[in-house]
Amino acid sequence: MTETQGIWPAVLGRFDWSALPFVRAVQTPTVSEIIGALAAALVVIAAVLIAGLITRYGKWRWLWSNWLTSLDHKKIGVMYIVIAFVMLSRALIEAVLMRMQQAAAIDNPGFLSPDHFGQLFSTHGSIMIFFMAMPFLTGVINYVLPLQIGARDMAFPWANSIALWLTGAAAALMMASLVIGRFSTGGWTGYPPYTEVAFSPDVGPDYWIWAVSLGSVSSTLAGINIACTVYKLRAPGMTWMRMPLFCWTSLCTSILMIFAMPPLTVATGLLALDRYLGFHFFTNDLGGNMMNYANLFWLFGHPEVYILILPAFGVYSEVVAIFSSKELYGYVSLVLATMAIAVLSFTVWVHHFFTMGQSANLNAVFGIATMAIGVPTGVKIYDWIWTMFDGHVRLTTPMLYSLAFMMTFVIGGLSGIMLAMPPLDFLVHNTLFLVAHFHNMLIPGVLYGMLAAYTYWFPKAFGFRLNETWGRVAVVCWVIGFLLAFMPLYVLGAAGMARRTVEVFEPAFRPWLYVAGVGALVLLAALGSLFVQLFVSIRDRAANRTPVGDPWDGRGLEWSIASPPPEYNFAIVPHVGGRDAFYAVKRKGEPYRPPGPYEAITVLRNSNLSALIGIAAGVVAFALVWRIWWLAILGMLVVIGSVIARSFARDVDRIIPAAEVEAIERRWLDEAHATDPIPRLLETTSANRGLAGVSL
Amino acid sequence: MTAASHAGLNLRSPHEPTAASTEIGLFGFWVFLMSDAVIFALLFATYGVMLAATAGGPTAHGEFEIGAAALETLVLLTSSFTYGMASIALKYDRGRRGLLGWLGVTLGLGLVFLTLEARDFITMLRAGAGPTRSGFLSAFFALVPLHGLHVLVGSLWIVVMMTQVMVIGLDARVKINLIRLGLFWHFLDIIWIAIFTLVYLHGLIR
């Protein structure tokens, strides 16, 4: 603080010039500070560049009215996934930096300062969980779920848009922490008392608290929305046991969100009370008790693992059945296993802190519960294997992700069973063994699943397929990079190397750290391949169009409509006669028929207010981080005012006339009838226009 | 459960889309309340764990005034009753005046409750029993004022709904929101009963 008197503290809060990494890099030009300044510069340049390009091509109005303020679940889903890819890129680069540091810092300090390294592992974890995995899966559910159950939108489209904007605001706050000030060094779990004012008086933990809180509220809203959509908006005849499995896993995920996000909100809220108002929940003195935080956080944290992984299980269930041309094996057992996992996920949270002082008997109970949760997961693996058995298996990109998942995930599951034994956990807790374990669950379990979903449903969303060759290159890079980067960590962890170590004093670790470093670079290449794939696919989109909408001989209702789907999804709400509804219709020879007289369809107009709420909430969070009280109050008033204003709005609907619906549908049906059906062997060639040849 | 089975609902035109959107809107609000209840449950648990963490400072027995708390309980329970009367006025279509009257009484009682509660808090703060004194008092000042904040939000909501009844009239969305507000208000009553029991009555035990 340069000045404590005068008007500036009241206007700018705790801000001073050394909060800018550029200034810090000039004041103390170390490699670590220069890397920080470069990262900040990258954020600023990217933001200016994107804004400049949008201005150059006059796209602001288009962007605002076609995307940012849209209440269409499909557009909201796509925007979630865009956020996920941006944040994935940042957090993966941070991971590479950390691997390079550890490989370089054997018996010397390396190139990153300990403080910088601490910020890197904190942002990496926070981003990957809250701002990569969560937006990705929420986006996929948002896009696919209403289409699969035959609905025209989510249950609460306006709340859906608010949830998107809150996630966007939180992600923006994470980016802001790179440019203004600094981030927490307290890890993604933000454990007090280290994150209390006594030990971390800077703005870092405040950035963490408010970014995570915004994300938490957003996910609570998303969970309520998803659950209500499944409960209330299923098409006639879409009974529970006829739902595609992805709907079941989405439902279980949303239920977990509804119950598991509030503990996170409470944990971050109480930590904020400690830091801002001097409460004593988790401090070392006056009755504070950090064990309360550990319990609250992991009451969220463990169900969160299944929030992340269940949607991916749903994706694998779809992909494996489709690319084996077989009905999903053991549907009922998969549903029961999903429900069992959802319930059990609330009974295992103590295994995250076996070593923190509770009795051995308590640890035993939670250890057994943890092992029990492996059983339904094992059931699922067998079901997927049996689905492939004797099927017409095609090794397309989504299928390769699924196979890679099945093989590597089992290894992670086994190391999880090992960690579930408290005596063994005492030996390897807080080592790289744990880091290897949870990356082994989350990369194959979540990331591969989401990338499989992205590749699999991309032609549905945009009307053309993604490039298959680059997709396979990406798969190979993800798999090899993962194995190289994380298998050595099992060895290092078992040998006793602590996690989050900035400097290594054991030369024997050197080869393993080098291998892991190479793995990180291969993972970076995998990310690069994804972007190349996207670029190449957009460039060659004319050759890979699938306008009829069924490129993979799909089973669910989402494949029964055009690609990209019309705004209203279904011209006439379908009546569902059984599981795999569209597949059965095709086999009966009845698809692509005009469903009778068209009617006018009511859809929702755009809403500027949801965007305003998100932006204002982001401003409130930023102002709270920097203690700019006037701005926080102003932002809060805007949020409250916007909610009230929306409750007065009455003219929120827009009617698409029957004639327009008919014109859109006729054009699509004509195209379907003019298209040649293709056999499965040609599905990855440009002959695939989205009409599946039906072999009986 | 159909729309007609929701207490107090009186949609003049029971055609399909309105009934369906009412059903979804109310169900969603129930789910939201459930997630809010989880927040309160965790704060109750935290309070229970922190009971002994008085750090040599004021204890529950020394600080809480059961008389004031009982009066607050009476006021809040009565406001729940008057909101019920507002719901009946809505359901049986007894004109806007009855509805607005009962909403006004509810609002008044809510504000009385908030005033009484604020007076309690100020007394405690003056006596040096603020949240910064001990873990126990931190837990108290997270749980009870959060309920108060909910009542404040509910009061603002009543003002908004009274304005809408006057400006817009009783269209389907106003009715749905009045029923949601009712659920919210009764929910706060239930939370308060738990607070009275677990915080104030429990505090009587030496």
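Predicted model: local features only at pLDDT ≥ 70, side-chain atom pairs only at ≥ 80, totals over all residues.
Let's start where the chains meet. Chain A brings 30 residues into contact with 28 residues of chain B. On the chain A side, α8 (204-232), α9 (245-277), α10 (290-322) and α21 (629-648) each supply at least two residues. The largest share comes from α9(A), with 9 residues. By class, the side of chain A that touches chain B has 20 nonpolar, 9 polar and 1 charged residues.

Now for a helix pair within chain A. Helix α6 (residues 114-149) and helix α7 (residues 157-179) of chain A pack with their axes 11 Å apart, at an angle of about 155°. Because angles over 145 degrees count as roughly antiparallel, α6(A) is roughly antiparallel to α7(A). Their crossing is left-handed. The residues that make this contact are set out here:

| Helix | Residues in the contact |
|---|---|
| α6(A) | A:Thr123, A:Ile127, A:Phe131, A:Pro135, A:Asn142 |
| α7(A) | A:Asn160, A:Thr167, A:Ala170, A:Ala171, A:Met174 |

Sorted by class, the contact of α6(A) with α7(A) has 6 nonpolar, 4 polar and no charged residues.

A:Phe131 turns up again in the core. The largest nonpolar core has 249 residues, and A:Phe131, A:Met132, A:Leu173, A:Leu214, A:Met450 and A:Ala621 touch the most other members. The helix that gives the most to this core is α10(A), with 21 residues. Leaving aside residues up to four places away in sequence, A:Met450 touches A:Phe136, A:Leu137, A:Val140 and A:Ala312. Another core, of 10 residues, lies apart from the largest one and includes A:Val548, A:Ile561, A:Leu691 and A:Ala692.

Conventions: Residues numbered from 1 in each chain as written. Chains lettered and ligands numbered in written order. Contact = placed C-beta atoms within 7 Å. Helix = DSSP H or I, 4+ residues; strand = E, 2+ residues; numbered from the N terminus. Nonpolar A, V, L, I, M, F, W, Y, C, P; charged D, E, K, R; others polar. Axes fitted to C-alpha atoms, helices over the stretch in contact; angles between N-to-C directions. Parallel < 35°, antiparallel > 145°, perpendicular 65-115°, else oblique. Left-handed = near helix turned anticlockwise from the far one by under 90°. Core = buried A, V, L, I, M, F, W, Y, C linked by C-beta atoms within 7 Å. Buried ≥ 20, exposed ≤ 12 C-beta atoms within 10 Å, placed from the backbone.
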